[in-house]
Amino acid sequence: MTSALPADLEVEQRRLLERGLECVVTSLRSGHLKADGVAGLVRSCNQALADGKVGADEARALTTEAAGLCLRSGGAELMK
């Protein structure tokens with residue numbers, strides 16, 4: 001996913017997305033999130049990657065979605 005991000009995406013935006021996605025994966029592995037709970041994020045990622053690249057607006061939307069899942073799963077400390 002992150003390799004498809006635009007080269008000119010702000011470093012902080014890239015880091016936030018990476019942290020959000022990492023948090024979702026960690027939360028899945030620990031059982032704090034269920035696979036069906038991230039189905040929307042998976043769909044969003046697939047749609048964003050449909051053309052082989054993720055635009056800045058798509059990256060921001062994915063960051064918001066991943067961060068929301070992370071926070072709801074109790075992973076706020078993973079977003080720091």
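The side chains of Asp57 and Arg60 form a salt bridge, with N and O 2.5 Å apart. A salt bridge here is a side-chain nitrogen of Lys or Arg within 4 Å of a carboxyl oxygen of Asp or Glu. The model is predicted: local features need pLDDT of at least 70, side-chain atom pairs count only at pLDDT 80 or more, and totals for chains, interfaces and linings use all residues. Residues are numbered from 1 along each chain as its sequence is written, and side-chain values use heavy atoms, with hydrogens and water left out.

Asp57 and Arg60 both lie in helix α3, three residues apart, and are therefore separated by about one helical turn. Helices (H or I, at least four residues) and strands (E, at least two) are DSSP runs numbered from the N terminus. Asp57 is exposed, with a relative accessible area of 57%. Arg60 is partly exposed at 40%. Burial is assigned by relative accessible area: buried is under 20%, exposed is over 50%, and partly exposed lies in between (1.4 Å probe, protein chains only).

The whole structure holds two salt bridges. Arg19 pairs with Glu12, and their closest N and O atoms are 3.9 Å apart. Arg19 is partly exposed, with a relative accessible area of 24%. Glu12 is also partly exposed, at 40%.

Helix α1 has 20 residues. At 1.5 Å a residue it should span 28 Å, and its end C-alpha atoms are 28 Å apart, which agrees. The expected span is 1.5 Å times one less than the number of residues. Buried positions in α1 are Gln13, Leu17, Gly20, Leu21, Cys23, Val24 and Ser27. Seen down the helix axis, the buried residues fall within an arc of 155°, so they line one face of α1. The arc is taken over the directions from the helix axis to the C-beta atoms. The buried residues of α1 pack against α2 and α3. On the other side of α1, Val11, Glu22 and Arg29 are exposed. Gly31 follows the helix, with a positive phi near 85°.

In soluble globular proteins, nonpolar side chains tend to be buried together. The largest nonpolar core in this model has 16 residues. Such a core is a set of buried Ala, Val, Leu, Ile, Met, Phe, Trp, Tyr and Cys residues joined through side-chain atoms within 4.5 Å. Val24, Leu41, Val54 and Leu62 have the most contacts inside the largest core. The elements that give it two or more residues are α1, α2 (39-48) and α3. The largest share, four residues, comes from α3. Leaving aside neighbours within four places in sequence, Val24 is in contact (heavy atoms within 4.5 Å) with Leu33, Val38, Leu41, Ala66 and Leu69.

One disulfide is found, defined as a pair of cysteine sulfur atoms within 2.5 Å. The disulfide joins Cys23 and Cys70, with sulfur atoms 1.8 Å apart. The link is right-handed, with 80° about the S-S bond. It connects distant parts of the chain: Cys23 sits in α1 (residues 11-30) and Cys70 in α3 (residues 56-72), 47 residues apart. Cys23 and Cys70 are both buried. Cys45 takes part in no disulfide. The nearest cysteine sulfur to Cys45 is that of Cys23, 14 Å away. Cys45 is buried, with a relative accessible area of 13%.
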